[in-house]
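Have the structure open as you read.

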Amino acid sequence: MYFAALLARTEDGWEASDTELDDVETLSDLTDLAREASVDEDTTVLVFIEQEDAWFGVVRVDGEEDPRIFISDATAAARSSYGEILLTDELLGREPGAEDTIAALEELVGLDGTEDGEPDITPDNDNDNNDADDDGLDDDAVPAGPLGDTGILADLGLPEAELLMLRTDALVEIADALGAAEVLETVR
């Protein structure tokens with residue numbers, strides 16, 4: 001089960017609204033949604049996304065600046081359609097569009113390196129432990145654990161170290177640190 005909410009900072013404190021992410025397909029869509037919730041063009045808007053006890057993400061949009069993202073568990077988020085929105089190529093340190101290029105190449109060439117209909121005559125080298133290609137690492141793997149801007153909320157009252165320690169009920173604790181617990185609870 002997912003929970004998503006927007007918190008917009010105003011002169012009088014924070015305003016919260018729950019949000020549906022059904023029409024959000026990209027980070028750009030999510031950023032536009034956040035900007036629509038802002039009171040003025042310089043307003044800070046936070047987007048909270050949480051999948052029960054698996055992961056949470058915070059996207060911070062300050063006016064027209066690029067969004068800042070923090071994800072509590074990138075591996076868990078990668079298994080979620082909403083998490084995939086936050087796991088951009090830039091956040092993962094990949095070349096933009098690299099995933100599309102890899103998928104296209106995999107379609108053109110069989111994954112085992114043989115032509116269709118050709119037998120696989122790769123020797124079985126179970127005793128060869130010096131194989132440089134089999135180091136157990138996948139270049140396209142999503143890193144385990146937290147990912148993104150750990151200082152995303154530091155100037156709002158939640159230091160990096162505390163953000164990294166959050167696990168369950170994280171959004172409640174974040175809202176409490178920001179002084180927005182009551183308004184977040186109204187949309188929860």
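## Around E50

E50 sits in strand β3, residues 44-51 (helices, H or I, of at least four residues and strands, E, of at least two are DSSP runs, numbered from the N terminus). With a relative accessible area of 11%, E50 is buried (buried means under 20%, with a 1.4 Å probe and protein chains only).

The E50 side chain makes a polar contact with the side chain of R188, at 2.9 Å. Such a contact is a pair of N or O atoms within 3.5 Å; within protein, one must be able to donate a hydrogen and the other to accept it, and residues adjacent in sequence count only if both atoms are side-chain atoms. Leaving out residues up to four places away in sequence, E50 also touches M1, Y2, F3, W55, F56, A170 and L171, among others (contact: heavy atoms within 4.5 Å).

Residues are numbered from 1 along each chain as its sequence is written, and side-chain values use heavy atoms, with hydrogens and water left out.

The chain averages a pLDDT of 82 (the predictor's confidence in each residue, from 0 to 100), and 77% of the residues score at least 70. Confidence is highest in strand β5 (residues 68-71), with a mean of 97, and lowest in helix α5 (residues 98-108), at 54. Over residues 128-137, pLDDT stays under 50, and the model has 0 contacts there beyond four places in sequence. Where pLDDT is low, the predicted coordinates should not be read in detail.

Notes. This is a predicted model: local features need pLDDT of at least 70, side-chain atom pairs count only at pLDDT 80 or more; totals for chains, interfaces and linings use all residues. Buried means under 20% relative accessible area, exposed over 50%, partly exposed in between (1.4 Å probe, protein chains only).
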